[in-house]
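Morning, everyone. I have one chain to go through, starting with a term and then moving from the whole chain to one residue.

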Amino acid sequence: MKRASSAQQGLWFAQSISTPSPVFTVGQLLDFTGSTPESGPDPDRLLRAVQAALDEADGLRSRFRAGDRGDVFVEAGDPMIATFLDLGDDPRAIDAHARTAVDVVIDPAVDPCAAATVLRAGGRISLLVIAHHIVLDAYGLGLLDRRIGQLYADPDDDRGLRSVTTLADDFDAAPPHAAQFWSDYLAGVDGPLTLADRPRDHRIARSVHTVRTTLDGLGGVTRRPHQLVAALAAFCSASSGTDDVVLGFPLMNRLGSPAANVPCTTVNVVPLRVPVAPHHTTDQLGASVTEQMRAIAPHGRYRGEDIVRDLRRRGVDGATGPTINIKPFGASVPFGDLTAHVESLARGPVVDLSVTALGLDNGDLELLLDADAYLYDATRLDDIATDLTMFLGTALTEPSIPFGAIAHASTTELVAGIHTADRGTWVATDPTPIHERITAAPAAATAVICGDDALTYAELHRRATELSDQLGTCDAEDIVAVAMPRGIDLIVALLAVLRSGAAFLPLDPGFPADRIAATLADADPIAVIEPDIDGPSVRRLRPARPIRSLGPVRSVPSPDSPAYVIYTSGSTGVPKGVVIGHRALTNFTESMIREIGYRTGESLLAVTTISFDIAILETLVPLAAGMTVVLATPDDVHDPARLSALIDRHRVRVMQATPSLWSAVLDAGHAAALAQLDVLVGGEQLPPELGTRLARAARSVRNMYGPTETTIWSTTAPVHAGEPIHIGIPIDNTGVRVLDSRLAPLPVGQVGELYLTGDGLARGYRGRADLTATRFLADPYGADGARMYRTGDLARIAADGTLTCLGRTDHQVKVRGFRIELGDVETALAEHDSVDRAVASTVDGRLVGYVIGAAGQEIDAAALRGHVGGLLPDYMVPATVVAIDELPLTPNGKIDRKALPRPDFAALAGHSRAPATPAEQALARGFADVLGVPTVGADDDFFVLGGDSITAVRVVAAAAAAGWAVTPLQVFDHPTVARLAAVATAVTADAGSPTPAAAESTGLTTAGLAADEMDELMDGNLL
């Protein structure tokens, strides 16, 4: 008995913590298809050649077992016997048998680790070779195949395979300083790349989808691996939006090694880092790949799982993306005068995605894509295969073409989809300015009501004209500040500025004086309209230009002239002025009148301060439709009862407000007032629970989304009780793009950044050309000169074109290597009946949920975690949920995640009953040690205390050290000490296999293993 090699130990541990599965099986079918019974191989002779080769390949009969300290040892099992099987008259029976045979689980501790069978069916002769990956890798399979061919051609061939017993215990040991090399090599890598539509799972795939594709005439590229790797890296870069591609690259570690002629497993998948830029070509990047291969080769025996462990020590959970496996041997094996064609049936464990490349005898290149079925459905894998085939076909046949110029099949389809969607929103817009539309309303109709005051359209027109005359001469680029308190005169002032041809700058007099002063200094208006005893008055800040005509000269603004300038606070808190043109305002006005159904004679209740652009939807837009605007006073807005009274008194049909205000109205018991109301919700994320309450109370509910920079709202969506909340589809003449970091379109369901384009785009930021250039970009999918606005919001688009907003790009976090959109977690939490509002954040690398309870509801953290677990993957379930009374806000009114309270994980532990049985006591100690808490009670939940999938494996190790056997899956299914103890099995002293006296521990144990070393078991790169 001897200690298993490093590669074998990695595979042993991997299969030990995985659900029993055939994913560790490798297999090939050597087929003599095309030969007749007379010209095909002699079955008896073939069987003798197989037996002779198996006798030489003694490593295939190995048996493995773990010692009492967890070390893995290997000893010779019974001699292998080649078998013959006659499957009848149908040649297809061979294929069916082979597929079934490779789908069988092999236990390397009990079962034979390999088998070779000569198959006959209907005159067809084939050879099936199957093995557990722990005894044979692809190179070893190739050695065995070719040795069988040699012995068939000449039974006395004396070249022979080398015995596995000749290999030293440390033949695949890593050289000194390898750990430091990999640490330096992977500096800056923050996690593994994936082409899946969901974050990567770090476990070996339990089931696999496989797609085969071929590229005509490109089989020879397998002899130029640097080019194939370069092309695949470029494809991954373009598909994932990263310029730092880290591929999994199998190193055989046999060159110059005694293992060069030993059928065994030595392969080690290590990271191959390939920086990619769109201007690179296959030739250029291929040269860089060659350098990278030379750099990593001397350090290739440092195990991939050890690299993962070291990365986790600095908070990075994995590094390698898709694996590229270039077969070292061709697709055929000589058997004397005959040729056997090799069909790969199973290629061993798959993590995420593996691409196997093989040069075929006809000169074509075969690609086999094996993907984790949990991450990639069959359709997604088919799409990737189609895209990859098209991309590699160009990159490898025309290696001087820049990668950025190579089209993707899926990208072409996505771009076509963008163009189709854009055309679907196009509507001809009447260019009549909004103030002229208001003037055309019925003169006697009531335009504005505020308190006991009311104004007809005729009076509004007269007073606005008089005030406009006071302004004097204005240029189309001039700005006039409107600093009027909330009331009828505010509406008069806004309309007066528009009539003058200038742009209005709305200011709320209730805002801090320094904020108003900073805004005026930046905007540099020509005048300010302020309140006076007799009404609004004009204070000119610059004298009017002299004129010769009898009255004020009103400029005629163009569609691109500014209609208004509104200031918003950026991330730094410094106000920036957004300039909105007349075309944008006119398009928005017409779209909203059509979308919401504003009609002459109906009324709208306006509640929003004029300093926020959404107030324009409540004032000027309904006036342009001939509606009556009921202006709520500040006292009205803060009193749900008064708002309810206004709705009833004025028979209000439409009201727009933020979720916070709507929640206040409902919580105050005024749902009945909404029965005939069309509700508009915007300004912040709409919680699903509130959406359902509104939908049940109101005549209709519509969710509104849009940044100030794209003219108030850009998308809308109806809200229905009990249905998911989304932001819907774009309004008229508006385009949406969900793009990756390279501005490439993303497929349905994939999360990216939301960009908006179309007639609603602002001109930019006043006096801030630098800032404008960073947010308003050229639209690569629009007409010449088209621009798009970068919202900074994460979104995904559904198959029907509806959008879901997932929060800000700076709210995307990484937990254990998984990219998580906090918006997804917050939405799931908020859907629970007990939750009013929810926020998610990370604390010390753990995901934490914070919730405000709904009225009259108690927060049950365990129930909430279970609720989220039913909606989202396990890595998106918060480690704990904390109930809070209110959300901390920044000065800008945004949630201040940094001010959220830190969960005291230790305080959550030890409050249930004390552990009673020996198993409970042992497991409680294990929980406490792993989680770093003083004590753990019998009914304390491992995951509520902050446990996760990685620490669950450490619990298994701690339990084993204390004499109790549990599995990681049992920790998930029975997460309390008491429940886990009920399924734990006592391990007696003689249950484990004895460790030979001569063997010294290598530290690679499952019992008593250091926590950081145990981490390596959770990553799948164990090929």
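Buried means under 20% relative accessible area, exposed means over 50%, and partly exposed is in between, with a 1.4 Å probe and protein chains only. This is a predicted model, where local features need pLDDT of at least 70, side-chain atom pairs count only at pLDDT 80 or more, and totals for chains, interfaces and linings use all residues. Residues are numbered from 1 along each chain as its sequence is written, and side-chain values use heavy atoms, with hydrogens and water left out.

The whole chain, then. It has 1023 residues, and 57% of them are buried. It contains 29 helices and 43 strands, which are DSSP runs numbered from the N terminus (helices: H or I, at least four residues; strands: E, at least two).

Next, the nonpolar cores, meaning sets of buried Ala, Val, Leu, Ile, Met, Phe, Trp, Tyr and Cys joined through side-chain atoms within 4.5 Å. The largest has 69 residues, and Tyr598 and Leu617 touch the most other members. Helix α13, residues 488-500, supplies the largest share, 10 residues. A second, separate core has 60 residues, among them Phe181 and Leu365.

Now Asn703, in strand β28, residues 700-705. Is Asn703 buried or exposed? Asn703 is buried, because its relative accessible area is 5%. Beyond four places in sequence, its contacts (heavy atoms within 4.5 Å) include Val681, Leu686, Thr715 and Ile727. A polar atom of the Asn703 side chain lies 3.0 Å from the backbone oxygen of His726.

Terms used:
Polar contact = N/O pair within 3.5 Å; in protein donor to acceptor, adjacent residues only side chain to side chain.
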